Each structure stands twice: as structure tokens, then as C-alpha cells.
Amino acid sequence: GHAAEFIYYLKKYNYQGVVFFDTFPIREEAKAETQANIDSFEKISKIVDELGMDRIAEVVMVILEKVAR
């Protein structure tokens, strides 16, 4: 959930910088862990694109309104 929200806001504010993955592979091979992070990021990014920024913004607003009550 948090990764999708993070990617949504990156897109919303047109962030063009570097994204770092805060992982420390100990049992995993570092290169494979890095690639898994990249693959997950790209998959979630694609889903955000498929759903559309407007649709996600509507859901975020509904959640914020409910939390404020």
C-alpha cells in the first residue's frame, strides 16, 4: 500500500530524481534483491498509470475526508 501511494505522489509532483531502495540484502544476493526492487517499483508504477491519477486522487480525497471525521 505505501509503495503505491509513494509512487502516486512521485508522479503527481512530476519527480524526476533518483529513488533509493532501503534494503540490506543479507540472505539474498544483492544484485537479485536490487532487481526485485526495481521490478516491483515498475509493476506498481504501471498499475498507477493503468488506474489513472484522477481515479487515485478521488480515492485519496475520500480517505482523507473519512479520517477527518
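Partly exposed, for this tour, means a relative accessible area between 20% and 50%, with buried below that range and exposed above it. Keep that handy while you click around, and remember that this model is predicted.

**Stop 1: Y8 and Y9.** Select these two and show their side chains. Their ring centres sit 4.8 Å apart with the planes at 75 degrees, so the pair is edge-to-face. Which of the two is buried? Y8 is, with a relative accessible area of 4%. Y9 has 29%, so Y9 counts as partly exposed.

Stop 2: Bring Y13 into your selection, and you'll have a cluster: ring pairs link Y8, Y9 and Y13. Across the whole structure, a search turns up 3 aromatic pairs.

**Stop 3: F21 and F41.** Now pick these two. They make an edge-to-face aromatic pair, 6.3 Å from centre to centre, with 80 degrees between the planes. Where are they in the chain? F21 is in the loop between helix 1 (2–12) and helix 2 (30–51), while F41 is in helix 2, so this pair links distant parts of the chain, 20 residues apart. Both are partly exposed: F21 has a relative accessible area of 34%, and F41 has 23%.

**Stop 4: the core.** Select I7, Y8, V48, I56 and V60, and you're looking at the largest nonpolar core, with 5 residues. Helix 1 and helix 3 (53–68) are the elements that give two or more residues to this core. In soluble globular proteins, nonpolar side chains tend to be buried together.

**Last stop: around I7.** Centre on I7 and ignore its neighbours within four places in sequence. Which residues does I7 contact then? They are F41, I44, S45 and V48.

Technical notes
Residues are numbered from 1 along each chain as its sequence is written. This is a predicted model: local features need pLDDT of at least 70, side-chain atom pairs count only at pLDDT 80 or more; totals for chains, interfaces and linings use all residues. Side-chain values use heavy atoms; hydrogens and water are left out. Rings of Phe, Tyr and Trp (its six-membered ring) pair if their centres lie within 6.5 Å; planes under 30 degrees apart count as stacked, over 60 as edge-to-face and the rest as tilted. Buried means under 20% relative accessible area, exposed over 50%, partly exposed in between (1.4 Å probe, protein chains only). Helices (H or I, at least four residues) and strands (E, at least two) are DSSP runs, numbered from the N terminus. A nonpolar core is a set of buried Ala, Val, Leu, Ile, Met, Phe, Trp, Tyr and Cys residues joined through side-chain atoms within 4.5 Å. Contact means heavy atoms within 4.5 Å.
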